[in-house]
Amino acid sequence: MSLYLKQIEQLVALQKVDNEIMAIRKDLEHAPKEVEALMGRFNTLEGQRNHLLDKIEHLREQERRLITEIEDDSLRVKKSKSKLMLVGNTKEYHAMMREMDNLEKVNRLREEEKITLIEELQRQNDAIAQLDEVYGEVKQDLEAKQATLQARLEDAEKELAKLDKKRVAAGSVVPAPVLARYEFIRERLDHPVIVPVVNGICSGCNIAIPPQSFIDLQKGTQILSCTNCQRLVYWCEHFCDDTSAE
């Protein structure tokens, strides 16, 4: 293998290590955000759930109040009926009858209100039952992710440390001027740095390589850059598929 091809091969190997490092760093950045987003959703659901619970408790308080008022006035009517037989004159009799009629009328209205209240209470109970299904799933998912996040981050950091050593080893076999050129481009351009040219097209920017540059590239005598995106390029035919950059 010529020196040129060896250097390209070394750069491709280095880039593969960089690919792995980028993937892990992306995961390190994404993992806490994933938990944070899930926490936001959980807090929203918890707020909705607490609002429903407060509403249900308020409805139950109203129901208890109505039941107490209905029972109290029913007892008053019952006592008034017992006293009705002891009334001594017509005026007092009619006054007691009006009072009982009013109490019974109010109680009928309370009974209607209680029925409406019970129906609304059932609707709210149904709503919280549906919400609790989602709430329970999100809570379980959040707790699981929170429990594994630290271990996940620690594992990623350990893997990064291994890859950093692997990267140093891979870079050590690349000539200093070539490595400096690779690093220069890596700091200024989006990944990847070195890409194959397939059918005369740079796979980094999908722009055709100028004919003369393509001819020079096929000769395989010097490391060239794409005239459009400035990435390092190599002719795909110089390597087998498993050697080409991805």
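Which side chain meets that of Asp216 in a salt bridge? The partner is Lys219, at 3.8 Å from N to O; a salt bridge is taken here as a side-chain nitrogen of Lys or Arg within 4 Å of a carboxyl oxygen of Asp or Glu. The model is predicted, so that local features need pLDDT of at least 70 and side-chain atom pairs count only at pLDDT 80 or more, while totals for chains, interfaces and linings use all residues. Residues are numbered from 1 along each chain as its sequence is written, and side-chain values use heavy atoms, with hydrogens and water left out.

Asp216 and Lys219 are both located in helix 4 (residues 211-219), 3 residues apart, or about one turn of the helix. Helices are DSSP runs of H or I with at least four residues, numbered from the N terminus. Asp216 is partly exposed at a relative accessible area of 23%, whereas Lys219 is exposed at 54%. In these terms, buried means under 20% relative accessible area, exposed over 50%, and partly exposed in between, for a 1.4 Å probe and protein chains only.

In total, the structure contains 24 salt bridges. One of them pairs Glu120 with Lys55, with the closest N and O atoms 4.0 Å apart. Because Glu120 belongs to helix 2 (residues 90-172) and Lys55 to helix 1 (residues 3-84), this pair ties together parts that are 65 residues apart in sequence. Lys55 is partly exposed, its relative accessible area being 36%.

A salt bridge also joins Glu104 and Lys81, whose closest N and O atoms are 3.7 Å apart. Glu104 is in helix 2 and Lys81 in helix 1, and the pair therefore ties together parts that are 23 residues apart in sequence. Both residues are partly exposed, Glu104 at 28% relative accessibility and Lys81 at 47%. A network of salt bridges links Arg65, Glu69, Asp73, Arg76, Glu99, Arg110 and Glu113.

Gln10 is situated in helix 1 and is buried, with a relative accessible area of 12%. A polar atom of the Gln10 side chain lies 3.2 Å from the backbone oxygen of Val173. When neighbours within four places in sequence are set aside, Gln10 is in contact with Val173, Val174 and Pro175, contact meaning heavy atoms within 4.5 Å.

Conventions: Helix = DSSP H or I, 4+ residues; strand = E, 2+ residues; numbered from the N terminus. Polar contact = N/O pair within 3.5 Å; in protein donor to acceptor, adjacent residues only side chain to side chain.
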